[in-house]
Amino acid sequence: QVQLVESGGGLVQPGGSLRLSCAASGSIFRMFGMGWYRQAPGKQRELVARIRSRGSTSYADAVKARFTISGDIAKNTVYLQMNSLKPEDTAVYYCNADVFVSGSIRNYWGQGTQVTVSS
């Protein structure tokens, strides 16, 4: 079994910054990629950013130039630096990972961390 634990959410004013962290643990043979998704009330969960095992990254258009994903896939950790936050960034942010475990690639989710952008 694989566990993802997020931290770093909270309340921040518009224009402020937050840094989210996610650490994966468990029976991980190989990590293929990690990423962040978010879900706002009444909306579908959406991709925010993703980093692959060789370091390539991708971002949702809404967060490009404001958010930066980083981490050490080999150490099963990923971070999301969020700058110039806007009220529309308010959501529960979930860590996600593609892991090779027990002979197959499986997808795992963290429990989520709340990010609220409000004055």
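## A tour of the disulfide and the aromatic contacts

Begin by selecting Cys22 and Cys95, both of which are buried. Keep in mind throughout that this is a predicted model. The two residues form a disulfide, with their sulfur atoms 2.1 Å apart, and a search of the whole structure finds one disulfide. Cys22 belongs to strand 3 and Cys95 to strand 9, so the pair ties together parts that lie 73 residues apart in sequence.

Turn next to the aromatic rings. A pair of such rings is described by the distance of the centres and the angle of the planes. The search of the whole structure finds four aromatic pairs, and two of them are visited here, starting with Phe29 and Phe100, whose rings form a tilted pair, 5.7 Å from centre to centre and with 55° between the planes. Phe29 sits in the loop between strand 3 (18-26) and strand 4 (30-39), whereas Phe100 is in strand 9 (residues 91-101), so that this pair links distant parts of the chain, 71 residues apart.

Is Phe29 buried or exposed? With a relative accessibility of 68%, Phe29 counts as exposed, while Phe100, at 26% relative accessibility, counts as partly exposed.

Tyr37 is buried, because its relative accessible area of 19% falls under the 20% cut-off, whereas Trp109, at 37% relative accessibility, counts as partly exposed.

Finish with two places where an arginine meets an aromatic ring. Select Arg19 together with Tyr79, and you will find that Arg19 lies over the face of Tyr79, at 4.1 Å from the ring centre. Then move to Arg45 and Tyr94, where the charged end of Arg45 sits over the ring of Tyr94, 3.7 Å from its centre.

Definitions and conventions. Residues numbered from 1 in each chain as written. Predicted model: local features only at pLDDT ≥ 70, side-chain atom pairs only at ≥ 80, totals over all residues. Heavy atoms only, no water. Phe/Tyr/Trp six-rings, centres within 6.5 Å; stacked < 30°, edge-to-face > 60°. Helix = DSSP H or I, 4+ residues; strand = E, 2+ residues; numbered from the N terminus. Buried < 20%, exposed > 50% of the residue type's maximum accessible area, 1.4 Å probe, protein only. Lys NZ or Arg CZ within 6 Å of the ring centre and 35° of its normal. Disulfide = S-S within 2.5 Å.
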